Amino acid sequence: MTGVLAGLADAGIDVSDAEFLLGTSAGSVVAAQVASGADLASLYRAQVEPALQQRELIPREGALAEVFAFVEKLDTEVSDPLERRRRMGEVALAADTVAEADRLAVIEARLPSHTWSERLLRVVAVDAVTGESRLFDRTSGVSLVDAVAASCAVPGVWPPVTIGAARYIDGGIRSLTNLDLAADYTRVLAIAPMPDATLEADAAAIAGRGRIEVVTPDDPSRVAFGTDPLVPTTRTPAGHAGFAQGRAAAPAVAALWSEA
């Protein structure tokens with residue numbers, strides 16, 4: 001995602017001035033970085049240059065594949081979305097992961113600012129017990145680091161994040177893009193590195209009354225992600241692939257962004 005944004009900017013299309021930033025999972029990190037006013041070129045270098053990369057934790061081997069397999073199983077066995085999310089929460093709460101404090105430290109290091117900006121930024125997480133989704137923003141009374149960490153808490157891979165009396169997991173459990181939460185806007189740019197079944201319908205709903213451009217991974221990007229996009233070694237190749245794709249997407253995004 002950072003590579004795509006930097007590639008767009010390099011081609012003359014800087015979309016970091018968006019009126020509303022909505023982030024889910026890894027997208028919450030990118031949205032918070034952009035909302036902080038950080039320079040896109042600097043954010044990109046911090047992704048692709050090993051000497052500038054922040055320390056990352058390495059997930060248990062095969063953990064993400066287990067999550068995907070469980071999600072696929074739930075999709076075939078459980079029809080109620082809320083119940084599916086509750087079941088994912090059970091997995092997250094029972095999983096043997098790194099310590100919550102260690103994970104929070106990683107998220108903290110990723111963010112140029114640890115306070116909410118005045119920009120309209122919202123990040124999505126899911127209550128691990130109830131399965132209900134929650135939108136965090138600067139009015140929520142929740143720290144930016146906690147909100148982003150919650151949105152990124154992949155169940156079974158990273159620990160749920162404690163906020164008040166609740167524990168939260170990855171907002172991608174509701175939807176990998178949560179694009180429906182941008183339904184009030186008539187010009188939308190969606191960068192979806194892991195599109196799901198809801199993306200097409202949500203994008204069509206926005207297109208029915210406005211304009212939307214959706215950027216999903218091209219073949220070089222998918223190769224760069226490899227079989228486990230959470231492994232830190234994918235950062236540099238994924239960033240380079242995203243940059244190239246951002247430059248290629250610039251004409252279509254320019255047509256969207258230049259509209260009155």
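Q: How far apart do the axes of α2 and α7 come, and at what angle do they cross?
A: Two packed helices are described by the angle between their axes and the distance between those axes. Here the axes of α2 and α7 come within 7 Å and cross at roughly 150 degrees. Axes are lines fitted to C-alpha atoms, for helices over the stretch in contact, and angles run from 0 to 180 degrees between N-to-C directions. Helices (H or I, at least four residues) and strands (E, at least two) are DSSP runs, numbered from the N terminus. By the way, this is a predicted model: local features need pLDDT of at least 70, side-chain atom pairs count only at pLDDT 80 or more, and totals for chains, interfaces and linings use all residues. Residues are numbered from 1 along each chain as its sequence is written, and side-chain values use heavy atoms, with hydrogens and water left out.

Q: How are α2 and α7 oriented to each other?
A: Angles under 35 degrees count as roughly parallel, over 145 as roughly antiparallel, 65 to 115 as roughly perpendicular and the rest as oblique. So α2 and α7 are roughly antiparallel. Their crossing is right-handed; the word is used if the near helix is turned clockwise from the far one by less than a right angle, and left-handed if anticlockwise.

Q: Which residues make the contact of α2 with α7?
A: Contact means heavy atoms within 4.5 Å. S28, V29 and A32 of α2 meet L144, V148 and S151 of α7. That contact divides into 4 nonpolar, 2 polar and no charged residues. (Ala, Val, Leu, Ile, Met, Phe, Trp, Tyr, Cys and Pro count as nonpolar, Asp, Glu, Lys and Arg as charged, and the others, Gly among them, as polar.)

Q: What about α1 and α3: at what angle do they pack?
A: Helix α1 (residues 2-10) and helix α3 (residues 40-48) pack at about 140 degrees, their axes 9 Å apart. That makes the pair oblique. The crossing of α1 and α3 is left-handed. On the α1 side the contact uses T2, G3, L5, A6 and A9, and on the α3 side L40, L43, Y44 and Q47.

Q: Is α1 mostly covered or mostly open, and which of its residues are buried?
A: Buried means under 20% relative accessible area, exposed over 50%, partly exposed in between (1.4 Å probe, protein chains only). In α1, 7 of 9 residues are buried, so to speak mostly covered: T2, G3, V4, L5, A6, G7 and L8. They pack against α2, α3, β6, β7 (211-215) and α10.

Q: How many residues does the largest nonpolar core have?
A: A nonpolar core is a set of buried Ala, Val, Leu, Ile, Met, Phe, Trp, Tyr and Cys residues joined through side-chain atoms within 4.5 Å. The largest one has 41 residues, and L8, L111, L121, F136 and V148 have the most contacts inside it. A second, separate core of 15 residues includes L57, V67, L74 and V78.

Q: Where is I191, and why does it count as partly exposed?
A: I191 sits in strand β6 (residues 187-191). Its relative accessibility is 23%, which is why I191 counts as partly exposed. Leaving aside neighbours within four places in sequence, I191 is in contact with M1, V4, L5 and V215.

Q: What is the phi of N178, and where does N178 lie?
A: Phi of N178 is near 50 degrees, a positive value in a residue other than glycine. N178 lies in the loop between β5 and β6, and is buried with a relative accessible area of 0%.
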